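Have the coordinates open as you read.

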Amino acid sequence: MTEQISDAAAAAAFRRLVKHLQHRHDAENIDLMGLAGFCRNCLADWVLEATNDAGGNMTKEEARQAIHGMPSSEWKKNYQTEATPEKLQRMKESVAKNAAVD
């Protein structure tokens, strides 16, 4: 079904998602991983892979900065809290479900 989405619509939706994630710092990566099995860093890795597969040249830090809206070290310092054992377990269980789409 994703083939029905034009590249222009997909790009606009992607940019809106990134803008939303840059605004919602309260949604920590560990929480996103626990709920959806992906986070800002995953999204940055996908951007990195797609860019480089298309012949571009992007580093991991450049991709993360594009998604975080700032250097990832700054984002971590300002917004990332300690991961609790419960959050880590929830993340592990959620990520295990990703095998079906990878």
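Arg64 and Asp45 join their side chains in a salt bridge at 3.9 Å, N to O (the term covers a side-chain nitrogen of Lys or Arg within 4 Å of a carboxyl oxygen of Asp or Glu). Arg64 sits in helix H4 and Asp45 in helix H3, so the pair ties together parts 19 residues apart in sequence. Helices here are DSSP runs (H or I, at least four residues), numbered from the N terminus.

This is a predicted model, so local features need pLDDT of at least 70 and side-chain atom pairs count only at pLDDT 80 or more, while totals for chains, interfaces and linings use all residues. Residues are numbered from 1 along each chain as its sequence is written, and side-chain values use heavy atoms, with hydrogens and water left out.

**Salt bridges**
- The whole structure turns up three salt bridges.
- Arg64 is buried at 15% relative accessible area, whereas Asp45 is partly exposed at 29% (buried is under 20%, exposed over 50%, partly exposed in between, with a 1.4 Å probe and protein chains only).
- Lys87 pairs with Asp31, their closest N and O atoms being 3.3 Å apart.
- With Lys87 in helix H6 and Asp31 in helix H2, that pair ties together parts 56 residues apart in sequence.
- Asp26 and Arg24 meet at 2.6 Å, N to O; Asp26 is exposed at 52% relative accessibility, and Arg24 is partly exposed at 34%.

**The nonpolar core**
- The largest nonpolar core has twelve residues, among them Val18, Leu32, Met33, Leu43 and Ile67 (a core is a set of buried Ala, Val, Leu, Ile, Met, Phe, Trp, Tyr and Cys residues joined through side-chain atoms within 4.5 Å).
- Helices H1 (7–23), H2 (29–36), H3 (40–53) and H4 (60–68) each give two or more residues to this core.
- H3 supplies the largest share, five residues.
- In soluble globular proteins, nonpolar side chains tend to be buried together.

**Around H2**
- The buried residues of H2 are Asn29, Ile30, Leu32, Met33 and Gly34.
- Their cover includes H1, H3, H4, H5 (72–79) and H6 (85–96).
- Leaving out residues up to four places away in sequence, Met33 touches Phe38, Cys39, Cys42, Met91, Ser94 and Val95 (contact means heavy atoms within 4.5 Å).
- Gly37 follows H2 and has a positive phi, near 75°.

**Asn98**
- Asn98 is in the segment after H6 and counts as buried at 18% relative accessibility.
- Setting aside neighbours within four places in sequence, Asn98 contacts Ala36 and Gly37.
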